[in-house]
Amino acid sequence: MRFRTVALAITSLIATAAAHAGIVASPNPVNFTGQGGRVYFKTVTVTNQGPGFASNLNASLNWLSGSIGDINIGFDTCTGATLAVGGSCTVRLVFDSGCPYAGWISYNLAITSSTLPTLTVPTTGTTKAGICV
């Protein structure tokens, strides 16, 4: 019985480590909400949790749905970077809330690496009804 308990504990540790491996982002997901006619910013921090280097990173936005407002990458230290385990970079997102109608827009922020699996971060922008400023 003792050997079986140890084997289960080791298997659990390996499964936990695998579930947390790769590149991660914070915040995840990214949600913008704002008054029409304004611009909002959020910074996403991308961290390599391994195993190994995250090489040849690339950040891109892929439109999913919606038609009010727009989200773009304003500044990006990730594209072209290689991160050691524990290393991080940032992607600054810009939400132009649109005007004059209320609505939303939805994207996926994709962080790709030539050495680790792709990270997908759901990213949405919601424009509130009201007077555009």
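What share of the contacts in the protein with a separation of 6 or more is accounted for by residues 24 or more positions apart? The share is 73%, where contact means heavy atoms within 4.5 Å.

1. Basis of the note. This is a predicted model, in which local features need pLDDT of at least 70 and side-chain atom pairs count only at pLDDT 80 or more, while totals for chains, interfaces and linings use all residues. Residues are numbered from 1 along each chain as its sequence is written, and side-chain values use heavy atoms, with hydrogens and water left out.

2. Overall make-up. Helices (H or I, at least four residues) and strands (E, at least two) are DSSP runs, numbered from the N terminus. Of the 133 residues, 32% are buried; buried means under 20% relative accessible area, exposed over 50%, and partly exposed in between (1.4 Å probe, protein chains only). The protein exposes about 7,500 Å², of which carbon and sulfur atoms supply 61%. These areas come from the Shrake-Rupley method with a 1.4 Å probe.

3. The antiparallel sheet. Four strands form an open sheet in the order S1-S3-S6-S5, with antiparallel pairing; two strands pair if DSSP finds at least two bridges between them. S1 and S5 are the edge strands, and each pairs on one side only. From one strand to the next the twist averages 30°, with axes taken as lines fitted to C-alpha atoms and angles running from 0 to 180 degrees between N-to-C directions. Four bridges join S1 and S3 in the antiparallel sense, and Ile 23 stands opposite Asn 48 in S3.

4. The mixed sheet. A further open sheet of four strands has the order S2-S8-S7-S4 and mixed pairing. Its edges are S2 and strand S4 (58-66), each with a single partner strand, so one side of each has no neighbour in the sheet. Neighbouring strands here are turned by 20° against each other on average, direction ignored. S4 and S7 pair in the antiparallel sense over eight bridges; Ser 60 stands opposite Ala 110 in S7.

5. The core. The largest nonpolar core has 24 residues, and those with the most contacts inside it are Ile 23, Leu 57, Leu 93 and Ile 111. Such a core is a set of buried Ala, Val, Leu, Ile, Met, Phe, Trp, Tyr and Cys residues joined through side-chain atoms within 4.5 Å. Among the elements that give two or more residues to this core are strand S1 (23-26), strand S3 (39-48) and strand S7 (103-112). Not counting residues up to four places away in sequence, Ile 111 touches residues including Ile 23, Val 46, Leu 57 and Val 91.

6. The disulfide. The count is one disulfide, defined as a pair of cysteine sulfur atoms within 2.5 Å. The disulfide is formed by Cys 78 and Cys 89, with sulfur atoms 2.0 Å apart. Cys 78 lies in the loop between strand S5 (70-76) and strand S6 (88-96) and Cys 89 in strand S6, so the pair ties together parts that are eleven residues apart in sequence. The torsion about the S-S bond is about 100°, so the disulfide is right-handed. Both Cys 78 and Cys 89 are buried.

7. Trp 104. This residue lies in strand S7 and is partly exposed, with a relative accessible area of 44%. The C-alpha atoms of Trp 104 and Thr 127 are separated by 5.9 Å, although the two are 23 residues apart along the chain. Not counting residues up to four places away in sequence, Trp 104 touches Ser 65, Gly 66, Ser 67, Ile 68, Gly 125 and Thr 126.
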